[in-house]
Amino acid sequence: MAARVEAIGRPPAGKQQTWKDLAAHYKKIRETHLRSLFADDPKRGELMAAEALGLYLDYSKNLITGKTLELLIRLAEESSLKERIEAMFRGEKINLTEKRAVLHTALRAPRDASIIVDGENVVPKVHAVLDRMADFASRVRSGEWKGHTGKRIRNIVNVGIGGSDLGPVMAYEALKHYTERTMTFRFVSNVDGTDFAEAVRDLDPSETLFIVSSKTFTTLETMTNAQTARAWSLAGLGNDEESVAKHFVAVSTNAPEVAKFGIDTANMFEFWEWVGGRYSMASAIGLSTMVAIGPDNFRAMLSGLHQMDEHFRTAPFERNLPVLMGLLAVWYNDFFGAQTVAVLPYEQYLKRFPAYLQQLTMESNGKHVTLDGKRVAHQTGPVYWGESGTNGQHSFYQLIHQGTRLIPCDFIAFARPLNPVGRHHDILIANVCAQAEALAFGKTAEQVEAEGTPRWLVPHRVFEGNRPSNTILAERLTPETLGKLVALYEHSVFTQGAIWNIDSFDQWGVELGKVLAQRIIPELESEAEPKLTHDSSTNKLIRYYRKLKETR
């Protein structure tokens, strides 16, 4: 067996007995192999599975028994998970440190729903923005919206960062099969000038429209890139300031700054403080997505999100897909000491899905204090990472199969390909099944020897197995299915946060570096030698950078 690092820690408040029961149960079964679990129960693969909304979750290849599930569900109940779910859907201000409601679910609620925030039903406002987005997207896609010179817009460049970038990028790549292929879509987020330069290097300013996504319209990286885009666009359009209104629209709430930039506030699409950035792809932040795939497909994605919302809200925990995945994540993180989770989509269009999940999961649950400000006594927030398809098999799977770390895996696959080519898809899905099987059961020394392997080589070719995984199988990657997958992980994150008693919806951890950067920028740009008061390392780096900069 590979070395296991235990990280059980002290239990969250109010869950002492169940946590202790889980710890004792873990010690009983930690050496039990999946080979034994399957041999003892020939129907395990059928029983430890759940299906909802066209998603089939096989969780039988996890290091659990029926008792494990019973205890984990009890833990969820003692964590008031059901009550917390209802509080979120009611619009209560469960983001305690920012005193905000958490209502990404309202972004995909039907028109006739009622969700009250501060005495107001927010659903009509949501649909008013969606309708304006649909009108805009249709005008751009049809060619009705013209650029300053009268040319049709053929290029869309989304300028944002964090959730204002990762969501749109992921959705565009995931749904590329459904996009308008006569148009080009680019995404700029990094303040590194190369990101912008490469995004526009082959574009015609007269055919390019920029979507600037920043709630405050003051985000340093986004507005630096937006100003650079403005200068680039003006330079290509005769420096006519009036052209800005034809080549820029905004996703923001700061009308004065939007107008100051030169954007017509009639082309400003609003979203709200109760929408966290990493949960915002269904809001106006998804404007580039709607232009790419069309309003009907965008609404299909919203439908998928909403369907999973309702499943999460109403399904019993033992059949609730997000709850099951969230509880399994807690099991590995807090009892087996697993520090990471690999997300492995066997669908090339989902190549940016793991990157999207990195922000969703780690910005949400990378917390070291509880809701009441006390230091957590257990691990939170595992590292999420991954790669699409068989590519990963030829790089990091070696570590998962034969390394010393326990790395739970989520395999995601689809029965019907969007681009059927010969035998490709059957080979692809065979690899999904084979990898999950190999991780679970491995290959013993006896089996290796029986193949005629020289004795000295046997240890190198043994696969210990007992590596856990989930497999999620759906019929086909559609906008609706993507919505279901995104909400599945959103609510799994919520479940984990409820168990750990942390605020999954603030992100103060991103602030300190931003503040310090604002202090350092003028020190790097100053013509005179600045007086530096940082630590010796930072001071030296600043001086060395300035020295190298002077040699240009």
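Modeller: There are 3 cavities of 30 Å³ or more in the structure, a cavity being a set of points on a 1 Å grid over the protein atoms alone where a 1.4 Å probe fits but cannot get out. This is a predicted model, where local features need pLDDT of at least 70, side-chain atom pairs count only at pLDDT 80 or more, and totals for chains, interfaces and linings use all residues. Residues are numbered from 1 along each chain as its sequence is written, and side-chain values use heavy atoms, with hydrogens and water left out.

Colleague: What volume does the largest cavity have?

Modeller: About 160 Å³, where a volume is the space filled by probe spheres set on the grid points, which are joined across faces, edges and corners.

Colleague: And which residues lie nearest its centre?

Modeller: Met325, Ala329, Val341, Tyr384 and Asp410 do, out of 19 residues that line the largest cavity, lining residues being those with an atom within 4 Å of a point.

Colleague: Which element gives the most to that lining?

Modeller: That is α14, with 5 residues.

Colleague: Switching to pockets, how much space lies in the largest one?

Modeller: About 1,000 Å³, a pocket being an open set with protein on both sides within 12 Å along at least five of seven lines. The largest pocket is lined by 42 residues, and Thr219, Gln507, Val510, Glu511 and Lys514 lie nearest its centre.

Colleague: What about the second largest pocket's volume?

Modeller: About 430 Å³, and among its 18 lining residues Gln348, Asn419, His424, His425 and Leu428 are the closest to the centre.

Definitions and conventions:
Helices (H or I, at least four residues) and strands (E, at least two) are DSSP runs, numbered from the N terminus.
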